[in-house]
Amino acid sequence: MSKKITKAPGIFGKPVKKKKWDKKFLRKVYLPEDRKFLSSLAVEKDDMISVDADGLSKKDLKRLKAIGKAIKKNRKGLNFILIFILILLVAGSAFFHFYLKNKLVQRVVENQLENIFLAEVDTAGVNLSIFGGHFSMNLLVIANTEEPMTNLVEFTTVEADIDTAELLQGRVLIEELGFSGMRRGTPRTTSGKLKNDADTGKAAERVEAEDDPSSSGAVENMVGQISALAGNIDVAEIYEQQKENLKSFRLIEESKSSVEGWKTHWQGKTDEWSSRVDDWDASVKYIASVDADSFSDIAGAQSTITKLQSIYQSAETDYKRIQSDYQEAEEQYDEAAALMDEIRSAVDADYAYIESIVTLPAGDKVDWAASILEEQLSMPLKKYLSYLERGLEWYNRFKRYTDKKDAGKSEVRRPSRQLPVPADAPPAFTLVHAFASGEEPGLSYKFDLRNIVSEPDKWDGKASLDLGIDAPSTGAASAMITEDSLEVDVPAVPFDLGDSLSAVDIASFRGSLSVASAVGWDEGRFKGNVELGATDLQLKEAVSDSIVYRLISTSLESVNPLTAAGEFAWTEPDGLSLKLDTELDESLGDAAKALISEGAEEGLAMLKEYLGDQLAGPLDGFESEYGDLEGLVRGIKNYQTDIDGYKDMAKDKIAEIENSVKDKLKSEAENVIKDGASDALKNIGNKLNF
Amino acid sequence: MFFIKPVAKLIVALNSNTKPGAVAAAVATAFLLALIPSLNLVWPLLFIISLIARLNWGFEFVFIAVFKLIVPLIDPFIEPMGWRLLQSGPVSSLVYNVNEIPGLIYFGFNDSLMIGGLLAGIIAWVPVFFLSRFIIVLFREKLSPRIANSKFIAAVKRFPILGKLIAAVKQFSEVY
C-alpha cells in the first residue's frame, strides 16, 4: 500500500514561471510571515516554480488554502460585490420610483401639513412625476384642530405643475397649483386630533374663552336696571315709601278736623234758631190776625200798636243776633273753602311729586345701556372680523413653524458662506398661480393666488390673492389682497347668531351683513377700517313682554338698515381690537328713553290712580263736612230772612193801624165841619186834644 | 457585545493580506469625505467612486465616522480658506458658470465649506495615504509580532471583554 501524497490547493496545482510566481503570487501576499511561508514551499525545477504541499500538517495546509484565497481575491480587477450592490441600487431606485416614491411624498406632505395645522391630515392618490414636473393628489383632508370630529377643509383634487428646468437650476417655479372640490366642515368618522398634541388642547381652551362673553354680568345688570326703569312699577310700595312726603293727606285730616268743629258749632246754632223761629209762630199768627180797620176807638188801636211795637222790637233784636251769627258762619264757610283750595293745591303738589319719582331719567342714564347692547349687537361684525383674525393666526402659525425649522437647521449645519446670487438670476421660489375652489349648499367660492415670489423685485407680476364667494341668494362677495393691502367687498352675507343673544332676551337673531373693508399692514401689525351694513334683521323674542327685547327691536327698526363704521387693529400679542361707531348709540338711547317714558307714563297713571284711591276717602269726608257746614250756613241765613220778615210784618201792621186810625179821624172831622160851627169846631178841637 | 465583531474585523484587516494601499486609500478618502459637507451631490459621488476603487470599506466607514467627530475643530481653518478661494475671480466665475449648467447646482460648489473641505481633502489625500500606508506596513512587519508576543497582551487577555475580542480576531484571521 503506497503512501497518499498531499496535493497543494488548486491555485498552486500547476507549476508557473519564476517571473509569474513573483508577480502573481508572492506580490499578492502582503504579510511577511505568509510570504515567507509560501516561499518555503516553492520548489524550482526547469525554471518553473511549483508548491510542494506534501507532508504539511493540517494547520499549515489550512494556512496555505487561506493564502491561496487571499491571492485570488487580491488579483481581482473588478469588485463583484460592488457590482451587485450597484445592481441593487438600480433596482432599489426603480422600486423607489414605482412604489416607494409616492408613499414617501405622501408621508412628507401629511407630516408637514400636520405640523402646520396641528391636526390630522389625510391624503390619497399621491403621484409625483419627477421628470414631468407634475404632482397630484386625489384627496386632501385637513382636520379641524378645534373640532376634531369635523374637517377644517377637504379637497377632492390637488394638482401642481413644476418647471423641471428651473428645478435643475436650483429654483422652484410652480406654474400652477390647484385645489378643487373644496368643502369645509365635513364630518369625520375618527377624531382629527393629533396624539400628544398639547397645542390643540390650548387652542380649544382659547376658543372656549373667546366664546364666553365677558360682559354677561354687565348685561344681566343692564337688563335688571332697564326693567326697573321701564316697567313693573310697584305703586303700593312706592306709595308706602313716599306717604310721609305727601302733604295732602295730613292737610285733609287737619282741615276735616277744623270743619267738623265748625259744623258742630253751627249745628247747635241752627238748632237754637230753629227753636226760636218756632217761637215766633204765635206772634206771626197774632200779627196776621190783627185787622187794622176793626178798631172802634183810639185806645184799642193804641193798645194793639203798642203790642205790635213790642213784637217788632223783639224781631229786631233776633234779627241783629242772627245777622251776627250768619256773618260768623259765612266767615267760617269761607275759611273752609280756603282749606278746600289748599287741599286741592296739596293734592296737585303730591301728584307732581309722585310724577317726579317715576319720571324719565337723564339721557346719560341710558347711554351705558346703549353701549352694552351695541357690544352685544356687534357680535356678528366681530364674528366676521374673526375670520380675518383666524387667517392671520394661521399665517403666524405657519411663519412660526418655518422660523423654527430654519432655526433648527442653523443649529445642525456647519456654518458656511455662499456667493451672492447674481442680480439677474430669477427668484429662488415662484408660485405663478394657485387656485382653490369649492361648493357648499347655496354657496360657491374660489381663491386665486398669483405671483408669490421669494424676491418680488425680480418678478414682473404683483402678488395678489383674489377671494370670491358666490351665494345665489345674496350675491357675490369678493376680497382682494395685495402685498400691502386688503380690500373686502361683501354685498350681503346671511348670518344667524342663534340664541347667543339670549342674555338680552333674544331667542334668535339673523339677517344679512354687508362689509366693505380696507386693511393695511406693516411688520406684525394689521390695521384698517370697515363699513358694515346689516339688513333683513329678524329677531325672535325669548321672553314674553320683555322690556329689553322691545328696546332692541324698536331700536333696530328705527335704524334699519343698520350701518356701522369701524376701525380695527390686530397684533399677535393683543389680538383683534375693534372700535365701532354705529347709529345704535343714538337710536338705542332714544328707544330706551321712549320706552322708559312710556313705562313711566304707565307707572305714573297707575300711581296717580292709586293715590286718587287713597285720597278719595279723606277728600270725600272733608267735602261732606264742608257741604254740611254750607247747609248750616244756609239754614241760618234762612232763619235770618224769616226773622227779618217777621220784623217787617209787625212794622207794616203798625203802619196799617195808624193809617186806619188817621183815616177814621179825618172822616169824623170832615163831618163835624159840615154840621157845626166854630164852637163845634172848638169842641171837636177840644175833643181832639187828647 | 455588538462592537466586538466590527472591531475584530478591523484588527484582522489591519493584520491580514489586505493590500496596504487599499487600507491607506480608504483612510485618506474617509478624511476627504469627512471634510466636505454631505448634503450635496459631490459627497455621494466621491463615496461611490471610493467603493468602486476597491478601497477597504471597513476602514473607510470607520474613519469617516471618526473624522466627522473631529472636523468641527478643523472647520474654523477650512471655511475661511474656502471663502477666500470662492471669492477669487476665476473660482467665482467658474462656480457661477457651473451653477448655470442644469443639475450641477446641487453639487453645492457655491459653499465655502464645500470648496475649502474639497481643497483641503484633496491636498491632504496624498500625505494621509502615505502616512497611513507607512503605519500599516510598520504595524504588520514590526509591531504586530511584538505585540502578539508581549507580556502586556498576555495579561490583557485575562480581561473578559478583550478575551472575547481576541477570540473573534482569531476566528476571522483563520480565513487567511
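1. What pLDDT does chain B average, and what share of the residues score at least 70? Chain B averages a pLDDT of 81, and 76% of its residues score at least 70; pLDDT is the predictor's confidence in each residue, from 0 to 100. The structure is a predicted model, in which local features need pLDDT of at least 70, side-chain atom pairs count only at pLDDT 80 or more, and totals for chains, interfaces and linings use all residues. Residues are numbered from 1 along each chain as its sequence is written, while chains are lettered from A and ligands numbered from 1 in the order in which they are written. The model scores ipTM 0.77 and pTM 0.51.

2. Confidence in chain B is lowest in helix 8 (residues 160-173), at a mean of 60, and highest in helix 2 (residues 20-35), at 91. Where pLDDT is low, the predicted coordinates should not be read in detail.

3. Chain B contains eight helices and zero strands; helices (H or I, at least four residues) and strands (E, at least two) are DSSP runs, numbered from the N terminus. Of the 176 residues of chain B, 32% count as buried. A residue is buried if 20 or more other C-beta atoms lie within 10 Å of its own, exposed if 12 or fewer, and partly exposed in between, with C-beta atoms placed from the backbone. Among contacts in chain B between residues at least 6 apart in sequence, those joining residues at least 24 apart make up 83%; two residues are in contact if their C-beta atoms, placed from the backbone, lie within 7 Å.

4. Helix 2 of chain B has 16 residues and spans 23 Å from its first C-alpha to its last, close to the 22 Å expected at 1.5 Å a residue; the expected span is 1.5 Å times one less than the number of residues. Because 14 of its 16 residues are buried, helix 2 of chain B is largely enclosed by the rest of the structure.

5. An unreviewed UniProt entry gives the annotation "transmembrane region" to residues 20-43, 55-74 and 113-139 of chain B. UniProt positions are given in the numbering used here, feature names are shortened, and annotations may be inferred rather than shown by experiment. Residues 20-43 of chain B are 75% helix and 0% strand, with end C-alpha atoms 24 Å apart. For residues 113-139 of chain B, the figures are 100% helix, 0% strand and 35 Å between the end C-alpha atoms.

6. At the interface, 22 residues of chain A are in contact with 29 residues of chain B. On the side of chain A that touches chain B, helix 2 (32-41), helix 3 (58-75) and helix 5 (164-168) of chain A each supply at least two residues. Helix 3 of chain A gives the most, with four residues.

7. Chain A has an open sheet of three strands in the order 1-3-2, with antiparallel pairing. Strand 1 (16-17) and strand 2 (42-45) of chain A stand at the edges with a single partner strand each, so one side of each is left without a neighbour in the sheet. Strand 2 of chain A is joined to strand 3 (residues 48-51) of chain A by four bridges; two strands pair if DSSP finds at least two bridges between them. The bridge partner of A:K45 in strand 3 is A:M48.

8. UniProt, in an unreviewed entry, places a "coiled-coil region" at residues 312-346 of chain A. That span is 100% helix and 0% strand, with its end C-alpha atoms 50 Å apart. A:A338 is found in helix 10 (residues 298-358) of chain A. A:A338 is exposed, because 11 other C-beta atoms lie within 10 Å.
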